[in-house]
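Please look over the chain shown here. A short report follows the display.

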Amino acid sequence: MTSLDLTDRMSFDPTAFVREQGGEKRLTLRVQGARCGACLSKIENGLTALPGVKQARLNLTSGKLDVIWTGAVTAKRIANAVTDLGFQVQAHDESAGDAARQAEEKSLLIALGVAG
């Protein structure tokens with residue numbers, strides 16, 4: 001398994017997207033490159049292995065990753081952990097997700113038309 005003790009190597013800093021509620025911190029990110037159950041498991045298990053991470057849930061359809069934690073782990077370390085596992089992360093933006101999903105749907109429709 002990949003080491004999750006990471007250095008600061010990402011230019012993206014998700015700290016501004018952290019929400020605190022009742023002593024817990026929450027972060028929603030968009031993950032790119034996760035396509036199957038094995039990817040989902042790899043990300044969720046990798047994040048819950050970090051100290052203080054209580055829950056990590058990835059929706060493969062939307063690419064939305066929700067992480068809940070307490071303690072000293074930082075949002076940047078969480079994002080770095082996902083990157084270290086081989087996936088790209090960015091801030092979760094509903095409108096950007098819709099545009100990306102529409103582009104993928106268009107690509108799939110073209111492929112279906114060509115195959116037919």
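The report below covers the fold, the strand pairing, the core, the salt bridges and the cysteines.

This is a predicted model, in which local features need pLDDT of at least 70, side-chain atom pairs count only at pLDDT 80 or more, and totals for chains, interfaces and linings use all residues. Residues are numbered from 1 along each chain as its sequence is written, and side-chain values use heavy atoms, with hydrogens and water left out.

**Overall fold**

The chain has three helices and five strands. Helices (H or I, at least four residues) and strands (E, at least two) are DSSP runs, numbered from the N terminus. Along the sequence, the order is β-β-α-β-β-α-β-α.

Of the 116 residues of the chain, 33% count as buried. Buried means under 20% relative accessible area, exposed means over 50%, and partly exposed lies in between (1.4 Å probe, protein chains only). The chain exposes about 6900 Å², and carbon and sulfur atoms supply 51% of that area. Accessible areas come from the Shrake-Rupley method with a 1.4 Å probe; for residues, only the protein chains shown count as cover.

Contacts are heavy atoms within 4.5 Å. Among contacts between residues at least 6 apart in sequence, 65% join residues at least 24 apart.

**Strand pairing**

Two strands pair if DSSP finds at least two bridges between them. Strand β1 (residues 19-21) is joined to β2 by three bridges, and the two run antiparallel. Here Arg-19 has Arg-26 of β2 as its bridge partner. β1 and β2 form a hairpin with two residues between them. In that turn, Gly-22 has a positive phi of about 60°.

β2 also pairs with β4, antiparallel, through six bridges. Arg-26 stands opposite Ile-68 in β4. Four bridges join β2 to β5, again antiparallel. In that pairing, Leu-29 has Ala-91 of β5 as its bridge partner.

**Core and helix α2**

A nonpolar core is a set of buried Ala, Val, Leu, Ile, Met, Phe, Trp, Tyr and Cys residues joined through side-chain atoms within 4.5 Å. The largest one holds 24 residues, and Val-31, Ile-43 and Leu-47 touch the most other members. β2, α1, β3, β4 and α2 each supply at least two residues of this core. α2 gives the most, with five residues.

What does Leu-47 touch, not counting residues up to four places away in sequence? Its contacts are Val-53, Ala-56, Leu-65, Val-67, Ile-78, Ala-81 and Val-82.

Helix α2 (residues 75-84) is mostly covered, with seven of its ten residues buried. Those buried residues are Ala-75, Lys-76, Ile-78, Ala-79, Asn-80, Ala-81 and Val-82. They pack against β2, α1 (37-48), β4 (64-69) and β5 (88-91). Just after α2, Gly-86 takes a positive phi of about 105°.

**Salt bridges**

Side chains of opposite charge can pair when their charged atoms come close. A salt bridge here is a side-chain nitrogen of Lys or Arg within 4 Å of a carboxyl oxygen of Asp or Glu. The structure holds two.

| Salt bridge | N to O distance |
|---|---|
| Arg-26 and Glu-24 | 3.4 Å |
| Glu-24 and Lys-54 | 2.5 Å |

Glu-24 lies in strand β2 (residues 24-32) and Lys-54 in strand β3 (residues 53-59), so this pair ties together parts that are 30 residues apart in sequence. Glu-24, Arg-26 and Lys-54 are linked in a network of salt bridges.

How accessible is each member? Glu-24 is buried, with a relative accessible area of 17%. Arg-26 is partly exposed at 28%. Lys-54 is exposed at 51%.

**Cysteines**

Cys-36 is partly exposed, at 33% relative accessibility, whereas Cys-39 is buried, at 15%.
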